[in-house]
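Subject: Structure handover and notes

Dear colleague,

I am passing on the structure we spoke about, and my notes on it follow below. Please read them with the structure open beside you.

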Amino acid sequence: MNHTHSAPRPAYPAVVLAMLLLVYTFNFLDRQILSILAQPVKKDLGLDDAQLGMLGGLAFAALYSTLAIPLALLADRTSRTWVITVSLGVWSGFTALCGFAQNFTQMFLFRLGVGVGEAGGVAPSYALISDYFPPEKRARALSIYSLGIPLGAAGGVLLGGYIAQNVEWRTAFIVVGLAGVAIAPIFRLVVRDRPRPAATAENQVPVARVFGILAAKPGFWLMAFGAAAGSMCGYGVAFWLPSLMQRSFGLSLVQTGQFFGALLLTGGVAGILLGGWLGDRLGPRNRRWYALAPAICYAAGAPLFIAGVLADSWPIAFALFLLPQALVYVWLGPVLTAVQHLVPAHMRATASASFLLINNLIGLGLGSWAIGSLSKALTPAYGDEALRYAIAAGLCLYLVAGALMALASRFLQRDWVD
């Protein structure tokens with residue numbers, strides 16, 4: 001742990017946030033690049049949609065979700081920056097190895113490795129942001145950090161599609177993986193931990209105690225399962241939408257990358273920034289809004305998304321996707337801020353990892369697999385259009401997410417810890 005006691009320069013928190021955003025961008029770039037490469041990977045390795053769905057979700061989420069808690073506990077007790085640095089190097093190295101996979105088993109194992117690395121990236125980053133930013137600015141800071149989701153996913157589909165079409169899909173994995181490895185030492189040189197109290201029996205909290213505090217709070221469970229339902233839909237759509245654009249709308253790899261990249265960089269960025277603004281604007285007045293605003297946005301976004309999936313042309317689909325793409329990202333800043341305030345400050349990384357365990361194991365682990373399996377089951381009847389109807393059915397989960405978030409809003413005032 002870094003015990004330097006000098007106060008940070010006024011601009012330094014912004015530097016820390018920028019570096020964390022860069023790392024999170026690579027987190028999602030490495031995580032989502034498989035979505036744009038799914039069709040050439042499927043053809044080259046002889047896979048079906050169910051296997052592709054496993055590579056996009058379960059292979060990544062299995063260890064990503066479960067290892068997040070011990071790594072977050074390690075970050076709370078030692079150095080958050082070191083845990084993030086090592087994690088970045090590990091997941092980037094395994095991303096590069098994906099370019100050498102010769103069959104489903106090898107690709108599955110390499111994707112497991114990507115998940116192992118990324119397990120140590122997000123929860124310590126949430127806690128580090130909470131260390132550097134006061135409560136009244138925290139939702140916006142967490143929202144800026146969360147821009148790594150659309151930026152990384154957009155970078156993955158744009159860069160991956162271009163390299164795959166002009167070189168080959170294997171090169172795309174290798175290039176983005178090695179770039180992440182190169183950034184890891186730079187991150188460690190720039191980002192410092194904030195001073196924290198010396199280890200004591202009081203702040204070296206057993207993980208079971210953190211679980212006990214969270215388990216007693218209905219707001220935690222409702223937000224976690226609400227986010228999981230939304231993420232199951234969101235991750236599933238993010239993984240399969242590029243394939244849909246190629247199968248049903250006839251776009252090339254590069255055109256698909258441009259379509260999905262533009263959607264993420266406009267709708268996704270706008271929605272995350274809106275969520276941070278709403279959280280900091282409305283949350284301090286009434287803490288219910290940290291969950292209620294996402295609930296409203298989820299419910300409003302689902303019908304428009306379904307209409308876009310069922311559209312006849314890609315320009316109409318893009319127009320219909322744009323607003324819901326923003327609405328379904330609103331939850332990030334407000335909900336992540338609320339989770340940080342369900343426990344005392346020295347438990348934040350572990351609390352975030354507990355939230356992410358539920359969110360990612362269900363959402364990331366099952367989303368792409370469920371849609372892929374449904375698409376496979378519908379293929380005898382609908383052929384290449386089966387994926388369209390599988391995605392449309394999955395989008396109904398956003399309505400479930402909205403209902404759970406609305407229920408969670410009733411408990412936040414009681415569950416809150418300043």
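Asparagine 27 is a residue of helix α1, and with a relative accessible area of 0% it falls in the buried class. Leaving aside residues up to four places away in sequence, asparagine 27 touches Trp91, Glu118 and Val122. Please keep in mind, here and in what follows, that this is a predicted model.

In general, an α-helix has 3.6 residues a turn, so residues three or four places apart point the same way. Across the whole structure there are 19 aromatic pairs, and the one formed by tyrosine 24 and phenylalanine 28 is edge-to-face, with 5.4 Å from centre to centre and 90° between the planes. Tyrosine 24 is buried at a relative accessible area of 5%, and phenylalanine 28 is buried as well, at 3%.

A second aromatic pair, that of tryptophan 331 and phenylalanine 355, is tilted, with the centres 6.4 Å apart and an angle of 45° between the planes. Because tryptophan 331 sits in the loop between α14 (314–327) and α15 (332–340) while phenylalanine 355 belongs to helix α16, this pair ties together parts that are 24 residues apart in sequence. Tryptophan 331 and phenylalanine 355 are both buried. Elsewhere, ring pairs join Phe259, Tyr298, Phe305, Trp314, Phe318, Phe321 and Tyr398 into a cluster.

Phenylalanine 355 returns in the packing of α15 against α16, where the contact is made by Val335, Leu336, Val339 and Gln340 from α15 and by Arg348, Ala351, Ser352 and Phe355 from α16. The axes of α15 and α16 come within 9 Å and cross at roughly 130°, which makes α15 oblique to α16. The crossing of α15 and α16 is right-handed, and the residues of their contact divide into five nonpolar, two polar and one charged.

The packing of helix α4 (residues 80–98) and helix α9 (residues 169–190) has an angle of about 165°, and the axes are 7 Å apart. Since angles over 145 degrees count as roughly antiparallel, α4 is roughly antiparallel to α9. The crossing of α4 and α9 is left-handed. Among the residues that make this contact are Trp82, Leu88, Gly89, Gly93 and Cys98 on the α4 side, and Trp169, Phe173, Gly177, Gly180, Phe187 and Arg188 on the α9 side. In terms of residue class, the contact of α4 with α9 comprises 14 nonpolar, eight polar and one charged.

One of the α4 residues in that contact, cysteine 98, is buried, with a relative accessible area of 0%. Not counting residues up to four places away in sequence, cysteine 98 touches Met107, Phe110, Arg111, Val114, Trp169 and Phe173. For a sense of distance, the C-alpha atoms of cysteine 98 and alanine 229 are separated by 29 Å, the two residues being 131 residues apart along the chain.

Trp169 is also touched by alanine 164, whose other contacts, again not counting residues up to four places away in sequence, are Leu37 and Leu253. Alanine 164 is placed in helix α8 (residues 148–166) and counts as buried at 12% relative accessibility. Alanine 164 and valine 23 are 141 residues apart in sequence, and the separation in space is 23 Å, C-alpha to C-alpha.

Finally, how many of the nine residues of helix α17 (residues 386–394) are buried? Seven of them are, so that the helix is mostly covered, given that buried means under 20% relative accessible area. The buried residues of α17 are Ala386, Leu387, Arg388, Ala390, Ile391, Ala392 and Gly394, and what covers them includes α11 (218–247), α13 (289–309), α16 (348–382) and α18 (397–408).

With best regards

Conventions
Residues are numbered from 1 along each chain as its sequence is written. This is a predicted model: local features need pLDDT of at least 70, side-chain atom pairs count only at pLDDT 80 or more; totals for chains, interfaces and linings use all residues. Side-chain values use heavy atoms; hydrogens and water are left out. Axes are lines fitted to C-alpha atoms, for helices over the stretch in contact, and angles run from 0 to 180 degrees between N-to-C directions. Helices (H or I, at least four residues) and strands (E, at least two) are DSSP runs, numbered from the N terminus. Angles under 35 degrees count as roughly parallel, over 145 as roughly antiparallel, 65 to 115 as roughly perpendicular and the rest as oblique. A crossing is left-handed if the near helix is turned anticlockwise from the far one by less than a right angle, and right-handed if clockwise. Contact means heavy atoms within 4.5 Å. Ala, Val, Leu, Ile, Met, Phe, Trp, Tyr, Cys and Pro count as nonpolar, Asp, Glu, Lys and Arg as charged, and the others, Gly among them, as polar. Buried means under 20% relative accessible area, exposed over 50%, partly exposed in between (1.4 Å probe, protein chains only). Rings of Phe, Tyr and Trp (its six-membered ring) pair if their centres lie within 6.5 Å; planes under 30 degrees apart count as stacked, over 60 as edge-to-face and the rest as tilted.
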